[in-house]
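Biologist: I'd like a close look at one part of this model, please. Pick a bit of the packing and walk me through it.

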Amino acid sequence: AAASKQAAAAAKVQAAQRSKTSRREVSLAGQVASAKLDVIGGTPLRRSSASSTDHLSSMEFSDSGEADAATVSLMQLGHEANKFGDYEAARLNFCAASERCDSSAAKISAANMSFKLGDFETALAEYDSLLNRKDLSAERRSLVTKRKESARRAIESEAEDKYLQSKTAGAPGG
């Protein structure tokens, strides 16, 4: 049953990539993944600017072995959604990929989407969890450490902003 769901999901992903519709929802074992694709003649357009996560290719699953086609498709959908600013859909795809294949690349991407969504507490917790992995490469460990620090600073900045707003709200004439 699971194999037939995976095959059906892979077929839907391929259909979404070939179709001329701009938005397609793909269901995989109860998970809903959304991707916005700009399509001309059935070929997704690629943006020329590289994102900061391009080096974390959807094909990099060296932490825990090879990923199946559905997992790779979920990662690709996540990257496409991220490119178009749909961080919620991107996070859903990366989390679904992470559940299928215990990949640090998928987990890093999911944490990055939490950060982009402004959920700095979740991002910080996810980065902490990643740093506890013994199989995290030195390059990824360095990247995650930097992003964890960014999340920590964002949390501190939010707290400071709230404090200043509360002081301004209580001030005469404010």
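Modeller: Reading from the N terminus, the elements of the protein chain go α-β-β-β-β-α-α-α-α-α, which comes to six helices and four strands (DSSP runs numbered from the N terminus: H or I of at least four residues for helices, E of at least two for strands). It's a predicted model, so local features need pLDDT of at least 70 and side-chain atom pairs pLDDT 80 or more, while totals for chains, interfaces and linings use all residues. Residues count from 1 along each chain as its sequence is written, and side-chain values use heavy atoms, leaving out hydrogens and water.

Let's zoom in on α2, residues 69-83. Its axis comes within 8 Å of that of α3, residues 87-100, and the two cross at roughly 160 degrees (axes are lines fitted to C-alpha atoms, for helices over the stretch in contact; angles run from 0 to 180 degrees between N-to-C directions). That makes α2 roughly antiparallel to α3 (over 145 degrees; under 35 is roughly parallel, 65 to 115 roughly perpendicular, the rest oblique). The α2 and α3 crossing is left-handed, meaning the near helix is turned anticlockwise from the far one by less than a right angle. On the α2 side, the contacts (heavy atoms within 4.5 Å) include Leu74, Met75, Leu77 and His79, and they meet α3 residues including Tyr87, Asn93, Phe94 and Arg100. By class, this contact has eleven nonpolar, five polar and one charged residues (nonpolar: Ala, Val, Leu, Ile, Met, Phe, Trp, Tyr, Cys and Pro; charged: Asp, Glu, Lys and Arg; polar: the others, Gly among them).

Now for the other partner. α2 packs against α4, residues 104-116, at about 25 degrees with the axes 11 Å apart. That makes α2 roughly parallel to α4, and the crossing is again left-handed. Here Met75, His79 and Asn82 of α2 meet Ala105, Ala106, Ser109, Met113 and Lys116 of α4. The tally for this contact is four nonpolar, three polar and one charged. Met75, His79 and Asn82 also turn up in the α2 contact with α3.

Phe115 is partly exposed at 27% relative accessible area, while Phe120 is buried at 14% (buried under 20%, exposed over 50%, partly exposed in between; 1.4 Å probe, protein chains only).
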